[in-house]
Amino acid sequence: AMETQLKAEEEETQANEGHMAKVEKQEKKVKDIQRGLEKMGWSRDKGAEEEPSDEQQEVLNDLSLAENKLAKLKSVDPRFALIPPGMTQVTPTEINDMVASGRRTFFDFKNHLHLALLRGIGCHHAGLPRSYKQAVERLFRMKRLSVVISTETLSMGINMPTRTSVFAGDNVFLNSMVFRQMAGRSGRRGFDLRGNVIFTGVPADKIRRLLNSELPTLQGNLLMTSTFALRMLVKHASIRTDAEADIMAQNKKVEGFIDQMDDNLKTLIADWRNDKGIKIVDKATVELSLMTAEERAENILSSKDTMKSINSRDLATALVEMPEIKRPQIVKSVTDERSAKQKVMAEQVLEGCKFALAARKKLNELVLAAKNKSEQAIEDEKRVDAVRAFNAEATRRMVNTPLFCPNGGLMGNLYSHSFRFCTEYFQKEGLLDSVTAPRDVACIMAGLFNAEPANIGAVNFLRSR
């Protein structure tokens, strides 16, 4: 309603000021400049291949200025938008860059909620699409929105500090907890010295109750489950030597760079397959995933069909193993050169590959250094082994506690049998010893709590690990 009212006032004012005549005049100027460029033998298609002459470049600059002025005339009039002081208006392109995924554009010129964003107005409640709520949250934090109309969904778990909170109308859900959370949005420390809370349409008696009420008593509801117990064991088993900690931290860096490559490659490959109408062959995908990274790299370089079925993660690890001169060619094969966004993603993939290689080189150095143990490293290992031995014994005892027994108070038969089956399998295979105590149990059991004791797939999964 606010957007419609502002738009109606804008159209009425612009009609009185002859705004449409200015737009038509600017459109005519842009077309005249474009015709002049065509007479000079320049076109947008040639522009990507040939460098313009000095004379053409001068005219192109004039065209850019004219198009920018035309876009400004067609955009929302700042007099009829609630833009914070000192901030510029947000554009549809900026909003798309924030929340759009792949080639799908987010901004819809027929959607009144989207149009309201251009006027500095947003909405936020549980029934709205996630992409729209993300746009509202980001724009508000960037101070590009002045007003956000919301329900209590904005009161908890979202970082959106404001200067003024307005409670418009009474509601049965407006209790002391919701009031304190929503009012606490205003005057946040580090942003404002003082905040404002405004009531409108709320009875005076209720306002007094809300202002003077105490917070309700908060009671925890910790549910002691098998998963919680395993997590506690993992935390207790996280003790490592300094050398192990350095190696694990460096390995996380390597995986982090590969994760970044994976995110970009996922979009590039999906768009490429959609454009080409390529169908993934599941059998080929599984075969590629079972190969080593070096074997996948050789397979990609020797066969173009490999790219049709490989997943993004496997491609990322294979790119790291490829010769540097071959990587751009592979990434370019799944990149749409017409899309500026995809070009940037392709550059980020190649850059991430270089970082991953450098991080892995450092990782190999740490592994090599760890083999040459000093006296301090040996003492460190003894201390850690003692803790691990204690954890291993604790895990063995835990298997026989009522928590994991069939018909126990916290677990059903299926879960308890699955847990005991996996633990006994670890013991049989020698995995549950003083070195690898509860970590293996916890990490692998996360995926096997729904497995039956005699599940052949579960056994194969364990053997593969």
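Five residues from α1 make up the largest share of the lining of the second largest pocket. In this predicted model, that pocket holds about 580 Å³ of space. Its lining comprises 21 residues, and Glu-10, Lys-74, Ser-75, Val-76 and Leu-118 are the closest to the pocket centre. Two or more lining residues come from each of α1 (2-17), α2 (19-39), α4 (54-74), α5 (92-99) and α6 (112-118). Sorted by class, the lining of the second largest pocket consists of nine nonpolar, six polar and six charged residues.

The largest pocket has a volume of about 1300 Å³. Its lining is formed by 36 residues, with Val-148, Thr-162, Thr-164, Ser-165 and Val-166 nearest the centre. Here the elements that contribute two or more residues are the helices α7 (130-141) and α8 (176-183) together with the strands β2 (147-150) and β3 (164-168). The strand β3 provides the largest share of this lining, five residues. In terms of class, 19 of the residues lining the largest pocket are nonpolar, ten are polar and seven are charged.

The largest nonpolar core contains 28 residues, and within it Ile-300, Met-307, Leu-315 and Leu-319 touch the most other members. At least two residues of this core are supplied by each of α11 (242-276), α13 (293-302), α14 (312-321), α15 (327-333) and α16 (340-371). For Ile-300, neighbours within four places in sequence being set aside, the contacts are Thr-306, Met-307, Ile-310, Leu-315, Ala-318, Met-322 and Ile-330. Another core, of 23 residues, lies apart from the largest one and includes Phe-106, Leu-118, Val-136 and Ile-158. Leu-118 also belongs to the residues closest to the centre of the second largest pocket.

Finally, consider Thr-241, which is located in the loop between α10 (226-236) and α11. Thr-241 and Asp-380 stand 139 residues apart along the chain, yet a distance of 5.8 Å separates their C-alpha atoms.

Methods. Residues are numbered from 1 along each chain as its sequence is written. This is a predicted model: local features need pLDDT of at least 70, side-chain atom pairs count only at pLDDT 80 or more; totals for chains, interfaces and linings use all residues. Side-chain values use heavy atoms; hydrogens and water are left out. On a 1 Å grid over the protein atoms alone, a cavity is a set of points where a 1.4 Å probe fits but cannot get out, and a pocket is an open set with protein on both sides within 12 Å along at least five of seven lines; lining residues have an atom within 4 Å of a point. Grid points are joined across faces, edges and corners, and a volume is the space filled by probe spheres set on the points. Helices (H or I, at least four residues) and strands (E, at least two) are DSSP runs, numbered from the N terminus. Ala, Val, Leu, Ile, Met, Phe, Trp, Tyr, Cys and Pro count as nonpolar, Asp, Glu, Lys and Arg as charged, and the others, Gly among them, as polar. A nonpolar core is a set of buried Ala, Val, Leu, Ile, Met, Phe, Trp, Tyr and Cys residues joined through side-chain atoms within 4.5 Å. Buried means under 20% relative accessible area, exposed over 50%, partly exposed in between (1.4 Å probe, protein chains only). Contact means heavy atoms within 4.5 Å.
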